[in-house]
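This report looks at how chains meet in one model. Please view the sequence and structure first.

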Protein chains: 4
Amino acid sequence: MSAEADIADPRRGPHRQAMSDAQLKVLFDQVSNWGRWGADDQRGALNHIGPAEVFAGAALVREGRTISLSRDFPTRPGPENPWPAQHHMLMGGDDCCVPGVEGLEASTDFIGIAFHGMASSHIDALCHVFAQGRMYNGRPATEVRSTGARFNSIMAARDGIVGRGVLLDIPRARGVRYVPSDHMVTAAELEAAEQALGVRVGKGDLLLVRLGRDVRRAEKGDQAVPGLDPRVVAWLHAREVAVLGGDGVHDPIPGGQVHRDWAMPIHMIGLAAMGLHLLDNLNLEPLAVVCDELGRWTFQLVAAPLPIEGGTGSPLNPIAIF
Amino acid sequence: MSAEADIADPRRGPHRQAMSDAQLKVLFDQVSNWGRWGADDQRGALNHIGPAEVFAGAALVREGRTISLSRDFPTRPGPENPWPAQHHMLMGGDDCCVPGVEGLEASTDFIGIAFHGMASSHIDALCHVFAQGRMYNGRPATEVRSTGARFNSIMAARDGIVGRGVLLDIPRARGVRYVPSDHMVTAAELEAAEQALGVRVGKGDLLLVRLGRDVRRAEKGDQAVPGLDPRVVAWLHAREVAVLGGDGVHDPIPGGQVHRDWAMPIHMIGLAAMGLHLLDNLNLEPLAVVCDELGRWTFQLVAAPLPIEGGTGSPLNPIAIF
Amino acid sequence: MSAEADIADPRRGPHRQAMSDAQLKVLFDQVSNWGRWGADDQRGALNHIGPAEVFAGAALVREGRTISLSRDFPTRPGPENPWPAQHHMLMGGDDCCVPGVEGLEASTDFIGIAFHGMASSHIDALCHVFAQGRMYNGRPATEVRSTGARFNSIMAARDGIVGRGVLLDIPRARGVRYVPSDHMVTAAELEAAEQALGVRVGKGDLLLVRLGRDVRRAEKGDQAVPGLDPRVVAWLHAREVAVLGGDGVHDPIPGGQVHRDWAMPIHMIGLAAMGLHLLDNLNLEPLAVVCDELGRWTFQLVAAPLPIEGGTGSPLNPIAIF
Amino acid sequence: MSAEADIADPRRGPHRQAMSDAQLKVLFDQVSNWGRWGADDQRGALNHIGPAEVFAGAALVREGRTISLSRDFPTRPGPENPWPAQHHMLMGGDDCCVPGVEGLEASTDFIGIAFHGMASSHIDALCHVFAQGRMYNGRPATEVRSTGARFNSIMAARDGIVGRGVLLDIPRARGVRYVPSDHMVTAAELEAAEQALGVRVGKGDLLLVRLGRDVRRAEKGDQAVPGLDPRVVAWLHAREVAVLGGDGVHDPIPGGQVHRDWAMPIHMIGLAAMGLHLLDNLNLEPLAVVCDELGRWTFQLVAAPLPIEGGTGSPLNPIAIF
């Protein structure tokens, strides 16, 4: 089974063509949700999730199985992890008497993380990325201060993101091992995956797109990460998707080669225009196995960011429930 | 409505009597789950949650509402928060051009937390507390090294804790505003609350006990936190509860006054003998309001710890879903 | 020996009078060094230290004794230390085999500090404080970005601050135990101390003013910290002092009571107008004992900030050498 | 001028021979200072510095010049810096009004560092390295707890390390650009450098050995770091050196190739047997230039570790004063 061969022509040629700055700006305006839910809205596409969508997600629980979508807390340094997370023991079993609390033996620790890295499963708040100095709902980048975000912080998602999760497992749908890093998956390919897997992405869905990054990494050994074509945001907008997650960061890495002034167009258009929260660097391998085993690609999905006042996102362990 | 008056005599007298060291040791042995699920088990009472329990939790979702049970990420110092969490912006809107990624404007931040504090909503892993040098399943405290826990780390819960949540809202059930800090709630009182609220705690439940800590705090202004009587662990054991959560830390604070050599008996017996994961310092106020409004005290509950290899717990934003 | 009595009338009355905003602005302009050493200068009053001053400091070494002027690294929380420094062991003697280095046993640790606190001995860089949006040499506050200071960072002092240290031990000179917190020491009092101790502060000196904060703290138990009268900056300017250090922060704490819009006038005028680096919260008690014992109040002084690119200062262990 | 050629035969052959475990154990015992300054001593070779040595150092100040020996605070990730230090702005010029202090505009920051890395100029405390489970003065490694070192912490050097610094600039003395990484400099070569530079290392000296690591790095581009032959410790012991510093870590990196069970023999014997504090990863390039320019290789040297209770060392900015 060849990874490279299968996804190639004829689709591949056209959509590798760079979009021009002007085209991307048109796309930005086309999918913009600025003002759609009020001038003060900070939830963006999360507004697509209403009670019915929460209920529909829970209705998918049948087998009573749960799966983590998170990579391990990334404390080990490496090319993909130049700023490793910290896990520091403060008190271990060698010295476990708690000062000031007679008769208590305990161990404690500290964690620290700059979570917007390629080794970290995390959510991007709507203040994480700007386009021409503006973030979601038209607010200026300068509302994100050195002391924290005054608008569009992760607090918008503090009550959790709960609904129907859909996995579009692109390699599985196409019968390949992974998506090549010089290919950007198109909306047509997402629709082909829908058909192959027997699902249809709809309003309020938490869409997860698996590109096989980890399989590719194990085979290739380099740091490239496959991604989606920028035009996909129009499709997400039309389908009224609430959240986009993936095993990479949706935009291919390294970026900037295709669209020079829009280094990460899905981040820039998704977050800033649509108000689409992004789940980056998920571990979708165990999920893909379960979906395959159960023959279904929908499930309840719960993502619970830490309520960090002024935060640009959060580390995250999303749980899929079958 | 008087808080102090209502919970008083006659129950109060007896169970304020300190249990002796010998009595607590008997209790420890009585509820011990060491070896129950195998010599290598690290999940403890989480084993009470099976597919049926996961399914039963999801079946409680009707209104499609979600509620966070987490306090805000505790960055503000104070008497209850002597080691505040860190939220540091790394890049704000004043200087948002990402180095090395042309055309990308972003803001990023760092969080750090020693999460076992009284201001932090968190989960205790089974390696967090020892009793006489042993932790759950009989392992020595020294397996918790300066470099991390080799056994009983939070990784046991990495696929999430998902099931039926039950709120025993003690003040609500008793018609008071909060539990006084010199009172320890007994199993009889938990059962009285079950009756008042029309629920029965059972196998695999994620039990949340609200004592009204925050209401009390606002009124009294001191740092005392009400708690449960140690004998409650026998009741939790009999009911096969999977997880215990609360708005305090289950043991009254300050501890050590009642049981000097067992400063925090519920931690020591619950974690070390029973293998009962604990959810500390939850924010149960919004949940209590919703339960009251809907007239039901059961719901789906999802807790998703960060998968920290060797970690003694995790900060947590549990989500209740109605 | 009464602390309160001695420093009182008649001097005390007048200089407790608040200076008006207009008076402080005049003082600011009077002592401004903006442009004095060129438009790009970032060293400010450190320019008063030349080779002769470095030499003169070293010439004071006779007895061959060294004394730390630093408080302990402030890891313990408390009213004066709401954001304690971090000292985290990463690898202790219980698990000391270094991964990847066979045959090496080691222990390692991590330190973290937000060093601009009242419990931390540190140096303020010239970018630490602004007055009406400007810092030393007229640069705008906005040159201090969320990513670090582009101007006036601590790198200006990276080669160390080395010269003649002078201790003006005010309580010693006046025969009291400490300066009361509602008194601000005047230039006249500094001159009286010079006479009493037999020293004269001059060009390029590293002036240390001891107010007896720690003695006062031990006796009074509150968090107030005595300070200097703002007019002292004119005296420091005339004497061409290079650095000002103290056992407090030069401005009295709590501030803002005397000069409302200039909460910390010595910081604001010293740092921003004069370019005077400040050494805050030194431990001057051991130094005072040695000076008293040797009967001299001058010595070589070496302060070596960590070279933090873009930093607003550094934790510091200044060493006095006799 | 060839780096590789000049240092080669005939000396090179013999001392590249690995010492056997038995030989290294003999060397360890031969230079051991355990008990020399009492059973409770924690200063080790710092005891060689007395008042006369402090005085002699200061007497070398003539030109009034100061030079930092520290690399920049290592915040940038890279192959040599897998755990970068943290420099986080807490409050920048975009939001500089200090909460609770009306009228004060300031910027503040946080630094964090796991300082025992190859990119960090730091001092190793005597508790940093063990040999067969023991540290200096025979104390067990287990006295270094998960909560900090109970013995041999950096507090032994809290009053600073002050005395005569001597630079043995090996490449300069031999007329080459740098020491090759497969060569270990011998005591004979140190003596040859003494002769070439006209200095003699003696009691209480703070010895700095420059191997040209940075010049080599710039030329070769790899991460190898040259070092000293383990037998050098006998020479340091005989000369009664107080501190050893270098532009690398004294032991060659990667280690473990020559002496498999003694991966870093100079660390293991120097710290644990002799009680010799080590200054690692200094920036000796500017110092070498000044020494060359002035034609002298001795100067006053001041190293001021942060007084970290229980710490295994400290980041450091040593200052050479001419």
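## Chain contacts

Seven residues of chain A touch seven residues of chain C, where contact means heavy atoms within 4.5 Å. This is a predicted model: local features need pLDDT of at least 70, side-chain atom pairs count only at pLDDT 80 or more, and totals for chains, interfaces and linings use all residues. Residues are numbered from 1 along each chain as its sequence is written, chains are lettered from A and ligands numbered from 1 in the order in which they are written, and side-chain values use heavy atoms, with hydrogens and water left out.

Chain A and chain C bury about 520 Å² between them, with 63% of it on carbon and sulfur atoms. Buried area is the accessible area (1.4 Å probe) that two parts lose on being put together, summed over both. On the chain A side, His88(A), Asp94(A) and Phe110(A) lose the most area to chain C, together 56% of what that side buries.

The table sets out the two interfaces.

| Interface | Buried area | Share on carbon and sulfur |
|---|---|---|
| Chain B and chain A | about 6100 Å² | 60% |
| Chain A and chain C | about 520 Å² | 63% |

Now the contact of chain B with chain A. It takes 80 residues from chain B and 80 residues from chain A. In chain B, Glu105(B), Ile111(B) and Leu306(B) lose the most area to chain A, together 9% of what that side buries.

Two salt bridges are counted between chain B and chain A. A salt bridge is a side-chain nitrogen of Lys or Arg within 4 Å of a carboxyl oxygen of Asp or Glu. In one salt bridge, Arg158(B) meets Asp72(A) at 2.5 Å, N to O. Strand β4 (residues 108-113) of chain B gives the largest share of the side that touches chain A, six residues. Strands here are DSSP runs (E, at least two residues), helices likewise (H or I, at least four), numbered from the N terminus.

Strand β4 (residues 108-113) of chain A runs antiparallel to β4(B), joined by three bridges. Two strands pair if DSSP finds at least two bridges between them. Ile111(A) stands opposite Ile113(B) in β4(B).

## Within chain A

Over all chains, the structure holds 92 salt bridges. The side chains of Glu80(A) and Arg213(A) form a salt bridge at 2.7 Å, N to O. This pair links distant parts of the chain, 133 residues apart: Glu80(A) lies in the loop between β1 (66-68) and β2 (86-91), and Arg213(A) in helix α7 (residues 213-220).
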